[in-house]
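Hi everyone, thanks for making time this morning. I'd like to walk you through one model, so let me put the sequence and the structure on the screen.

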Amino acid sequence: VLHAPYAVDARARARFEQEARIGARIPSDHVVQVVAAGVDQTTHTPWLAMELLSGHDLEQHIARTGPMPLSDVALVMAQLGHALTAAHDAGVVHRDIKPENIFLASSRMLGVPFMVKVLDFGIAKLRTSARSATLAVGTPAYMAPEQTGAQEHIRPPTDVWALGLVVFRMLTAKYYWL
């Protein structure tokens with residue numbers, strides 16, 4: 001649900017609704033699925049129902065285990081690449097790829113240790129209208145240069161920049177910029 005203080009903010013409601021709409025447009029098993037969305041008639045609180053995931057995010061995994069083996073990095077990147085290719089093909093740029101938005105869900109497939117799920121399409125933009133706002137939007141440690149300036153075009157390479165920083169984090173358990 002969208003917390004009450006934010007529910008009265010039209011921009012927060014719009015971002016919340018956008019996440020439901022955008023996630024549903026992306027045909028990938030590696031994007032968290034939005035099952036339903038709406039507004040509670042009694043409280044007027046916006047809500048989203050997403051698939052229930054068991055596991056942890058990539059940042060938690062790295063913090064717990066340290067640098068990841070190359071085979072695990074390759075598996076994460078293959079699944080993450082599928083999700084972002086599907087998003088980009090649907091005209092969506094995520095704009096906030098970071099380990100906290102990459103979930104390693106328990107897998108039901110034999111021989112596959114985890115299923116990557118991309119979370120949080122709340123600040124994603126459709127490519128046809130994607131320009132930076134006057135304020136930078138995203139997580140600074142993973143933001144592409146074009147996200148920091150007003151009127152810059154946001155395109156799929158924006159997400160690719162963040163992917164490189166995520167790979168560095170997985171391989172070293174360190175942040176590139178620190």
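This is a predicted model: local features need pLDDT of at least 70, side-chain atom pairs count only at pLDDT 80 or more; totals for chains, interfaces and linings use all residues.

The protein chain has five helices and seven strands. If you follow it along the sequence, the order reads α-α-β-β-β-α-α-β-β-β-β-α. Of its 178 residues, 43% are buried. And if we take contacts between residues at least 6 apart in sequence, 61% of them join residues at least 24 apart.

How many of the five residues of β6 are buried? Five of five, so to speak, along residues 114–118. As a reminder, side chains in a regular strand alternate between the two faces of the sheet. In β6, Phe114, Val116 and Val118 point one way, while Met115 and Lys117 point the other way. Notice that Lys117 is buried along with the rest of them.

Which strand does β6 pair with? That would be β5, residues 102–106, and the two run antiparallel over five bridges.

Let's turn to the helices. Helix α4 covers residues 70–89 and helix α5 covers residues 156–172. Their axes are 11 Å apart, and the packing angle is about 165°. Because of that angle, α4 counts as roughly antiparallel to α5. The crossing of the two is right-handed.

Who meets whom at this contact? From α4 we have Leu70, Val73, Val76, Met77, Leu80, Leu84 and His88, and from α5 we have Pro156, Asp159, Leu163, Val167, Met170 and Leu171. Sorted by type, the contact has 11 nonpolar residues, one polar and one charged.

Last topic: two residues other than glycine with positive phi. Arg95 has a phi near 75°, and you'll find Arg95 in the loop between β4 (92–93) and β5. Is Arg95 buried or exposed? Its relative accessibility is 8%, so Arg95 counts as buried.

The other one is Ala173, with a phi near 60°. Ala173 sits in the segment after α5. Here the relative accessibility is 25%, and therefore Ala173 counts as partly exposed.

Methods: Residues are numbered from 1 along each chain as its sequence is written. Side-chain values use heavy atoms; hydrogens and water are left out. Buried means under 20% relative accessible area, exposed over 50%, partly exposed in between (1.4 Å probe, protein chains only). Helices (H or I, at least four residues) and strands (E, at least two) are DSSP runs, numbered from the N terminus. Two strands pair if DSSP finds at least two bridges between them. Axes are lines fitted to C-alpha atoms, for helices over the stretch in contact, and angles run from 0 to 180 degrees between N-to-C directions. Angles under 35 degrees count as roughly parallel, over 145 as roughly antiparallel, 65 to 115 as roughly perpendicular and the rest as oblique. A crossing is left-handed if the near helix is turned anticlockwise from the far one by less than a right angle, and right-handed if clockwise. Contact means heavy atoms within 4.5 Å. Ala, Val, Leu, Ile, Met, Phe, Trp, Tyr, Cys and Pro count as nonpolar, Asp, Glu, Lys and Arg as charged, and the others, Gly among them, as polar.
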